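Hi,

Here is the structure I said I would pass on. Have a look at it first, and then read on for what turned up.

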Amino acid sequence: MDILRFITAGSVDDGKSTLIGRLLYDSKSIMIDQLEAIEKQTKNKKDGEIDLALLTDGLRAEREQGITIDVAYKYFSTPKRKFIIADAPGHIQYTRNMVTGASNSDLVIILIDARNGVAEQTRRHSIIASLLNIPHVVVAINKMDLVGNSHDVFNNIVIEYAAFAKSVGLKDIQYIPISAINGDNIVERSGSFPWHDGPSLLELLETVEVANDINLEDARFPVQYVIRPQTEELHDYRGYAGKVLSGVYKKGDRVTVLPSGIESKIKAIEISGKETEEAFAPQSIVLHLEDDIDISRGDTIVQSNNLPSTENELEVLICWMDNKPLIPGNKYLLQHNSRVVRAVVRDVEYKINVNSLEEEKAPEKVSLNDIVKATIKTASPLVFDSYKKLRTTGGAILIDETSNVTVGACMIQ
Amino acid sequence: MSEKKLDYLEQLESESIHIFREVAGQFEKPALLFSGGKDSIVLVHLALKAFRPGKFPFPLVHIDTGHNFQEALDFRDALAEKIGEKLVVRSVEETIRLKHLTEPKGKFASRNALQTYTLLDTIEEFKFDVLIGGARRDEEKARAKERIFSVRDEFGQWNPKLQRPELWNIYNGKIHKGENVRAFPISNWTELDIWNYIRREQIDLPSIYFAHDREVLEHEGQFVATSKFIQLDPDDNISVRKVRYRTVGDMTCTAAVQSNASTIDDIINEIIATKTSERGETRIDDKVSEAAMEDRKKNGYF
């Protein structure tokens, strides 16, 4: 049993909350008391069936306004898998929330209303999924009941989406006809689509292979914390604690500490206090080196024969997440795994139109939800890979030093 | 290659250890909130994995309402002693006395809301800049929306609309003086994950988690232990039943469940079969209003 993290992209109108509610409900992850609570609210709203969307609207403000204002996380499991859903709202002003939810997702469910086909919002969500490099895409064509479960409608949407997806570089796409409100093809295969020979949505989610998405080639280990007991019996103990973000480390490996460039060898590896011969992503471990060198939080230990980039000038895509605009020339803190450095955003080259992926003239001020290509200069060198190659060492955030708020998400090119 | 895979508990464990080490790396004065309940016991277990053979870079802190189960308190003291870590206990009773606070009245008068005063005083006393807690997002829908690093203002208040976006494995712990952060390493665990992990790691728990005979009062379908903290009335329906606790909070607001489960395996089987959520079955305090937890969080509660 492993974990699948996925994000659902779509709006209330596409039936997104209903879909999530349906997955939770039909997989028996909703308990009686929770159901009673939403039944009570549904009665207040309108007669008839319970409103599954209420399950995902967590905060009072959302319930009152009937919208989802933030990313919420939902959990359910089947005997095959544990699922973590990032529920991000689909309205345009919430691009930042989808970017946030997408950053940790293995898979995105793009919801399309069968009556409307590929809409502007579909394109926007797909482009964000592509920019964030989500490995797997499921296109769920919803409300099939409202188009008479028509095979033609389904096929036309598939053809249109496939052409678009190719143009924005999405890979591993699967298509599935559903009706979330009726629970058609969500958990059980449905008889409503005799022309569709494929798994139900849940079966699909249970079987998508995600283990291979973890890179086991390029070993990257940022030091989070140095363990130094300094007791009598452990006088010389000096362990570098952190998480293997990618790759495999073995006892005896020749390693390089970056950004300093000092070389050493792995003397020992510990996992949960026990010595082991090797460690791999995404294990949290403690590394010991042969030589007594100065290593602290923010340094990265890599294998000497496979080095990432170490530079203080970066080409990045920035998704701006703050109400205050980004003004080129402004200084920020850049946090990249365990390393925090001062940084200045220099040239903004162009803005990406998130509905078409076209490059547009750079705005003077970059506003909330804008995605721009820019150059960042850092006060000291950063150890990184391109985001396309490694999501774990290619992503960074920008922090406004005066407000301490996370204002930007950077994908290093 | 294929054997280099973690199962879901190993993945959750590694993520939690990573969060613990981020807390230790980013803050000056952390503390771990420890009640003797199962979630905070799992937190301590994960902290041992994150920091041993070193000492914890933080003390364990318990805000004692004075209404706790003795079994949980004994367990708390014994565990702190066994692992040789510092335990700080601050008492809500003391705060009530010193600040002339008014105790809530009623049959199940709970000090839940008053806890916040003692918590904020303790933060002030030790200048804690981050409190590590065992909240899980599956517990309740306000918690489902909270970040792993959740910033609180100087009154301890949570503002759900001003949360920082949290991307990849990067946690922004930058705060202004007077603010503090609540960090939740087991955010992504569910109740069942916790129990499966307790089984796999053979983690000891206080005895009240297992079926035992106890005198209880039946109240609206829930069973609350009789104790000096709740007001008994002549027409109360009191009986001795075989029960266990699914969560451990104050005696005034935690209900027991009828059960014969005497082992972790039994408990896991019951949880898989149950039709009621953890908080729904066992907490009297969440039922006050639809947004009870959201309101308490905004006011500085956990």
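To start with chain B: what percentage of its 302 residues count as buried? The figure is 52%, where buried means that 20 or more other C-beta atoms, placed from the backbone, lie within 10 Å of the residue's own.

Before the rest, a word on what you are looking at. This is a predicted model, in which local features need pLDDT of at least 70 and side-chain atom pairs count only at pLDDT 80 or more, while totals for chains, interfaces and linings use all residues. Residues are numbered from 1 along each chain as its sequence is written, with chains lettered from A and ligands numbered from 1 in the order in which they are written.

Back to chain B. It has nine helices and ten strands (DSSP runs, H or I of at least four residues for helices and E of at least two for strands, numbered from the N terminus). Its radius of gyration, taken over C-alpha atoms, is 19 Å, close to the 19 Å from the globule rule for 302 residues, so chain B is as compact as a globular protein of that length. (The rule is 2.2 Å times the number of residues to the power 0.38.) Of the contacts in chain B between residues at least 6 apart in sequence, 76% join residues at least 24 apart; a contact means C-beta atoms, placed from the backbone, within 7 Å.

Where the chains meet, chain B puts in 48 residues and chain A 56. On the chain B side, α1 (8-26) and α2 (38-51) are the elements that give two or more residues, and α1(B) gives the most, with nine. That side has 16 nonpolar, 13 polar and 19 charged residues (Ala, Val, Leu, Ile, Met, Phe, Trp, Tyr, Cys and Pro are nonpolar, Asp, Glu, Lys and Arg charged, the others, Gly among them, polar).

Now chain A. Its domain assignment, with bounds from an automatic or database source, gives domain 1 (2-212), domain 2 (220-303) and domain 3 (309-412). Between domains 1 and 3 of chain A, 13 residues of domain 1 touch 15 of domain 3. On the domain 1 side, α5(A) gives the most, with six residues.

Finally, some strands of chain A. β7 (220-227) runs antiparallel to β15 (300-303), joined by three bridges (pairing takes at least two DSSP bridges), and A:P222 has A:T300 as its bridge partner. β10 (254-258) also pairs with β15(A) in the antiparallel sense, over four bridges, and A:V257 stands opposite A:I301.

Cheers

Notes: A residue is buried if 20 or more other C-beta atoms lie within 10 Å of its own, exposed if 12 or fewer, and partly exposed in between; C-beta atoms are placed from the backbone. Two residues are in contact if their C-beta atoms, placed from the backbone, lie within 7 Å.
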